[in-house]
Amino acid sequence: MDAASAMADSMTSEASESESRQEFRSLDQDVQTLKKEVLDLNRDLFLLEEDLLFPANSQVAFFISMDVGEYFELDSVSIKIDGTEVANYLYTLREVDALIRGGVHRVHMANLKTGDHELVAIFIGKGPHERDYRRGATMTFDKGIGAKYLELEITDRVKKQQPEFVIKEWE
């Protein structure tokens with residue numbers, strides 16, 4: 001009788017262990033599903049927040065790009081719109097390397113009323129012969145209805161062996 005009762009206890013123990021594993025798997029799947037739903041909700045909330053903060057009809061975005069970078073090593077950029085400083089960004093070596101390899105950095109996004117606006121970008125870094133270099137670029141642009149994208153481009157001017165700073169509108 002002892003052997004039969006031990007076998008029955010063993011079978012009951014195995015059945016409850018199997019049931020416990022099944023519950024754990026089910027719980028793990030529920031947690032994974034919940035994690036995915038939270039990540040999707042977080043992404044949706046981020047997109048909604050951007051739409052609310054920067055509606056497309058008043059949105060202006062400013063991007064930095066570099067070409068070659070032989071005559072200028074970027075340290076920081078400062079952006080002023082209509083005389084008010086709106087962005088000041090200090091670059092790491094890794095970020096500058098990414099820009100030189102073709103990356104583009106969105107340095108600032110803002111809401112502007114329609115009409116004419118003045119953009120002043122000041123670039124600070126090391127110029128030719130490792131000298132401190134501070135150069136500005138200015139542009140007056142017309143903000144119409146719809147989003148506006150402006151690129152602050154740093155290129156090398158080989159003939160003059162100097163960097164060139166150009167502001168371009170994206171079409």
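## Briefing: surface, fold and salt bridges

The protein chain exposes about 11800 Å², and carbon and sulfur atoms supply 53% of that area. The model described here is a predicted one, and the chain in it has 171 residues, of which 29% count as buried. The points below turn to the order of the elements, to the contacts along the chain, and then to individual salt bridges.

**Elements and contacts**

- The protein chain contains 2 helices and 8 strands, and read from the N terminus on, these elements follow one another in the order α-β-β-β-α-β-β-β-β-β.

- The structure holds 7 salt bridges, and one of them joins the side chains of K148 and E169, with a distance of 2.6 Å from N to O.
- Because K148 lies in strand 7, which covers residues 148–157, while E169 lies in strand 8, which covers residues 162–169, this pair ties together parts that are 21 residues apart in sequence.
- K148 has a relative accessibility of 14% and therefore counts as buried, the limit for that class being under 20%.
- E169, the partner of K148 in this salt bridge, has a relative accessibility of 31% and so counts as partly exposed.

**The salt bridge of D132 and K126**

- The side chains of D132 and K126 also meet in a salt bridge, in which the distance from N to O is 2.7 Å.
- D132 counts as exposed, because its relative accessibility is 64%, and the exposed class takes in values over 50%.

**The salt bridge of D97 and R101**

- D97 forms a salt bridge with R101, and the closest N and O atoms of the two residues are 3.1 Å apart.
- D97 has a relative accessibility of 37%, so D97 counts as partly exposed.
- R101, with which D97 is paired, counts as exposed because its relative accessibility is 64%.

Definitions and conventions. Residues numbered from 1 in each chain as written. Predicted model: local features only at pLDDT ≥ 70, side-chain atom pairs only at ≥ 80, totals over all residues. Heavy atoms only, no water. Salt bridge = Lys/Arg side-chain N within 4 Å of Asp/Glu carboxyl O. Buried < 20%, exposed > 50% of the residue type's maximum accessible area, 1.4 Å probe, protein only. Helix = DSSP H or I, 4+ residues; strand = E, 2+ residues; numbered from the N terminus. Areas by Shrake-Rupley, 256 points an atom, 1.4 Å probe, with all protein chains shown as cover.
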